[in-house]
Amino acid sequence: MKNEKNPTQESIELDSVNTDVQVSQSEAQELSTMLESASAENLAKLNPIVSLSQEYYEFLAVGDKLSCVFAGYTTATFKDVVTGEMKEKRAARLVSNGKIYLNSGYMLVDVLVKSNVTKGTPILIEYVGKVGNGKKYSVDLLG
């Protein structure tokens, strides 16, 4: 089936792609909006607001604080220093100062889970000290 060209839109003819894909009206509107937003002219007007590259946030000294927005959980992969094997751990995603941070500290993740903190919640995290081999945190809601 050959695409008919609409004189008001640019089109590219694709020979090896199945173009018989059905798209709902809402998906078509969403795609249209994305295509408009993705024009070089529109993109040139925009500035970065947050880096999607994630980095680990380590609280180093008692009293270290981070004001952030909780962005849910992800899985962090790390190397076990004793066995050398790779392991996965649940980590909190935290957005602050245009960056996305991860922290997989058991006690921090545990406080967030047990408190049912939801995505988009502004919080203040403070490192309050060591308990055994773990780090203990105070987490306050900001408002």
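**Entry 1. Ring pairs**

I began with two tyrosines: Tyr127 and Tyr137 are both buried (buried is under 20% relative accessible area, exposed over 50%, partly exposed in between, with a 1.4 Å probe and protein chains only). The model is predicted, so local features need pLDDT of at least 70 and side-chain atom pairs count only at pLDDT 80 or more, while totals for chains, interfaces and linings use all residues. Residues are numbered from 1 along each chain as its sequence is written, and side-chain values use heavy atoms, with hydrogens and water left out.

I searched the whole structure for aromatic pairs and found 5 (rings of Phe, Tyr and Trp, the last by its six-membered ring, pair if their centres lie within 6.5 Å; planes under 30 degrees apart are stacked, over 60 edge-to-face, the rest tilted). Phe70 and Tyr73 form an edge-to-face pair, because their planes stand at 70 degrees, with ring centres 5.1 Å apart. Phe70 is buried at 2% relative accessible area, whereas Tyr73 is partly exposed at 29%. The pair of Tyr127 and Tyr137 is tilted, since its planes are at 45 degrees; the centres are 5.8 Å apart. That pair links distant parts of the chain, with Tyr127 in strand β5 and Tyr137 in strand β6 (residues 134–141), 10 residues apart. I also noted a cluster in which ring pairs link Tyr57, Phe59, Tyr101, Tyr127 and Tyr137.

I then looked for charges over rings (NZ of Lys or CZ of Arg within 6 Å of the ring centre and within 35 degrees of the ring normal). The charged end of Arg90 sits over the ring of Tyr73, 4.5 Å from its centre. Lys89 lies over the face of Phe78, at 5.4 Å from the ring centre.

**Entry 2. Layout**

I read off 3 helices and 6 strands (DSSP runs numbered from the N terminus: helices are H or I with at least four residues, strands E with at least two). From the N terminus on, the order is α-α-β-β-β-β-α-β-β. The protein has 143 residues, and buried residues make up 21% of them. Of the contacts with a separation of 6 or more, 50% are between residues 24 or more positions apart (a contact is heavy atoms within 4.5 Å).

I checked β5 and β6 next: 8 bridges join them, and they run antiparallel (two strands pair if DSSP finds at least two bridges between them). Gly129 has Lys136 in β6 as its bridge partner. The two strands, β5 and β6, form a hairpin with 2 residues between them, and Gly132 in the turn has a positive phi of about 65 degrees.

**Entry 3. Core**

The largest nonpolar core has 15 residues, and those with the most contacts inside it are Phe70, Leu94, Leu112, Ile123 and Ile125 (a core is a set of buried Ala, Val, Leu, Ile, Met, Phe, Trp, Tyr and Cys residues joined through side-chain atoms within 4.5 Å). Two or more residues come to this core from each of β2 (65–79), β3 (86–96), α3 (106–114) and β5 (122–131). Setting aside neighbours within four places in sequence, I listed the contacts of Ile125, among them Phe59, Leu66, Leu94, Leu108 and Tyr137.

Is Asn103 buried or exposed? Asn103 is buried, because its relative accessibility is 1%. Its place is in strand β4 (residues 99–103). The side chain of Asn103 reaches the backbone oxygen of Tyr57 at 2.8 Å, and a polar atom of that side chain lies 2.8 Å from the backbone nitrogen of Gly105 (polar contacts are N or O pairs within 3.5 Å; within protein, one atom must be able to donate a hydrogen and the other to accept it, and residues adjacent in sequence count only if both atoms are side-chain atoms). Beyond neighbours within four places in sequence, the contacts of Asn103 include Tyr56, Leu94 and Tyr137.

Tyr56 is in strand β1 (residues 54–56) and is partly exposed at 42% relative accessibility. A polar atom of the Tyr56 side chain lies 3.1 Å from the backbone nitrogen of Ser104.

**Entry 4. Positive phi**

Most residues other than glycine have a negative phi. Asn97 is not a glycine, yet has a positive phi of about 50 degrees. Asn97 is in the loop between β3 and β4 and is exposed at 74% relative accessible area. Asn116, also not a glycine, has a positive phi of about 55 degrees. Asn116 is in the loop between α3 and β5 and is exposed at 61% relative accessibility.
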